[in-house]
Every structure is written in structure tokens, then in C-alpha cells.
Amino acid sequence: MLKGKVAVVTGGTRGIGYAIVKLYLENGAKVALFGSRQETVDKALASLKEENAEWEVIGDCPDLSDDKAVAAAIDKVKAAYGKIDILVNNAGISDSTPIDNYTAEQFTKVMNLNVNAIMNAVMPTVKIMKEQGGGCIINTSSMVSICGQTSGVAYPTSKSAVNGLTWSLARELGPSNIRVNAVAPGITRTDMVAALPDQVIQPLIQRIPLHRVGEPEDVANAFLFLASDMASYVTGEVLSVDGAMRT
């Protein structure tokens, strides 16, 4: 579905991001994955190459809060592969701090990585996409951007901002043949969720109409669809992949 495409995936070393990278490679894309540390990037690359030595995948670990570092990393991908068709902004951090315990610094940290970092990747990539005649941007939102959560207000606030960014960029960049969408996962079996004790996870599962936790591959499938030509007339959407839990 992505044969001949070049994709950049931030937060691509584990969990949902790693599942996206793998699925894109399986569908013929060349992928540059970004991670937070060189160690995790190298580990992800080794794992992917072990699975299929012919996959074309490279990695980098720019500081996503540094616009110049991100622009340099994006330029390296362009130099390596000649273009960038798909940008997946998946890197982010969650938060569950009660409001009484918040500091301004903590709130800013969440907003910086979950919102500002997206713009740091979008701005240089959009220039490349405009030059080549089009492209596709997909942002990771969250179920809580729609329904909120009981503590950790910075996280749903940041993901609501991601939705607004997605809708607005879709309208602005549509005339340049650049589609912009987001995926809003629900409870997904990442490392954090897998570590929860059974007495915590079971009540959550009972609130999900499909009565199961989502798998990273469930979410990755949405990213594949939105990046493919099957979604050529889909832009400005926030696609929920949460088993209808938000309702």
C-alpha cells in the first residue's frame, strides 16, 4: 500500500510508533524512525533488520524540542531518500498529575513535547512536501482529547491542541495537496498498560464496548490507511481507534 513512499515516524522505537514503522516497511515504504536516545534507536533498527534485512530503514534521535535539530534531521532524511511523502508525529508523553501537584514547568514540558515538537517537525517537512507536489501528515492524538480525563490536565489539553492543529493545517495545506489527519487511540497494550495489575486493567476493559484492550497493530492499521492512496480524499479527520470507549 505504500510502495515507493518515504516516511518519517517520530517516537518510532517502541509501542504504537514501532508498530507503525514495521507496518509501513511491510507495505513497501522506506522509513526514518526518530527516537529519544541513540540506544533505543539502535535497538529498534537492529530488531527490524533482524526481521527483514531488506527493509530500508534508518534512525536518528534529534531533540524534538529544538527546531534546528529537528530541521537538520528532516534534511538528512531528504538527502538519504530524495523526498518525504509521509510524516507521522507520534512522539509524546502522558501525564496523570493531580492539579494540586502541578508546576508550571511540568505543564510546559507536556505541551512542548506533545504540541510544539509537532510544529518543529511539520515546518521543515511542509517545505519539502510543497516542493515535491504533495504529501501526508498524521498526528497522534488521544481518546482523552475528546472526553478528557480525571487527572493530568496537561495531557488532554495537549491532545486537544493536536486536534486543532490537525484541522487547521488540513484546511491550509489542502491546496498544496498535503493531507493532514490524526489518530486518537484509546487504551492500547503499550509497555505502560501491560505493566498495570489485573485489578486495575479489568475494570477498564469492562468500560470498553469491544471488551478488550487495543493492540499497537490496531492503531498502526489506521495510520497505514491514512497514509495510503485509499485515503486520498480524507483530510482534516481525527480517527478514533478506541473500541468506542470514549462514549
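In this predicted model, the second largest pocket holds about 220 Å³ of space. Its lining consists of 14 residues, and those nearest the centre of the pocket are K5, G135, C136, R179 and D229. By class, the lining of the second largest pocket comprises 7 polar, 4 charged and 3 nonpolar residues.

The structure has 1 cavity of 30 Å³ or more, and the largest cavity contains about 30 Å³ of space. Around the largest cavity stand T10, L64, N89, N90, A91, L113, A117 and I118. Helix α4, residues 104–132, contributes the most to this lining, with 3 residues.

The next topic is the packing of two helices. Such a pair is described by the distance between the axes and the angle between them. Helix α1 spans residues 15–26 and helix α9 spans residues 216–227; their axes come within 8 Å and cross at roughly 50 degrees. An angle between 35 and 65 degrees counts as oblique, and α1 and α9 are therefore oblique to each other. The crossing of α1 past α9 is right-handed. On the α1 side, the contact is made by G15, I16, A19, I20, L23 and Y24, while α9 supplies P216, E217, V219, A220, N221, F223, L224 and A227. The residues of this contact between α1 and α9 fall into 11 nonpolar, 2 polar and 1 charged.

How values were computed: Residues numbered from 1 in each chain as written. Predicted model: local features only at pLDDT ≥ 70, side-chain atom pairs only at ≥ 80, totals over all residues. Heavy atoms only, no water. 1 Å grid on protein atoms, 1.4 Å probe; cavity = no way out; pocket = protein on both sides within 12 Å on 5 of 7 lines; lining within 4 Å. Points joined across faces, edges and corners; volume = space filled by probe spheres on them. Nonpolar A, V, L, I, M, F, W, Y, C, P; charged D, E, K, R; others polar. Axes fitted to C-alpha atoms, helices over the stretch in contact; angles between N-to-C directions. Helix = DSSP H or I, 4+ residues; strand = E, 2+ residues; numbered from the N terminus. Parallel < 35°, antiparallel > 145°, perpendicular 65-115°, else oblique. Left-handed = near helix turned anticlockwise from the far one by under 90°. Contact = heavy atoms within 4.5 Å.
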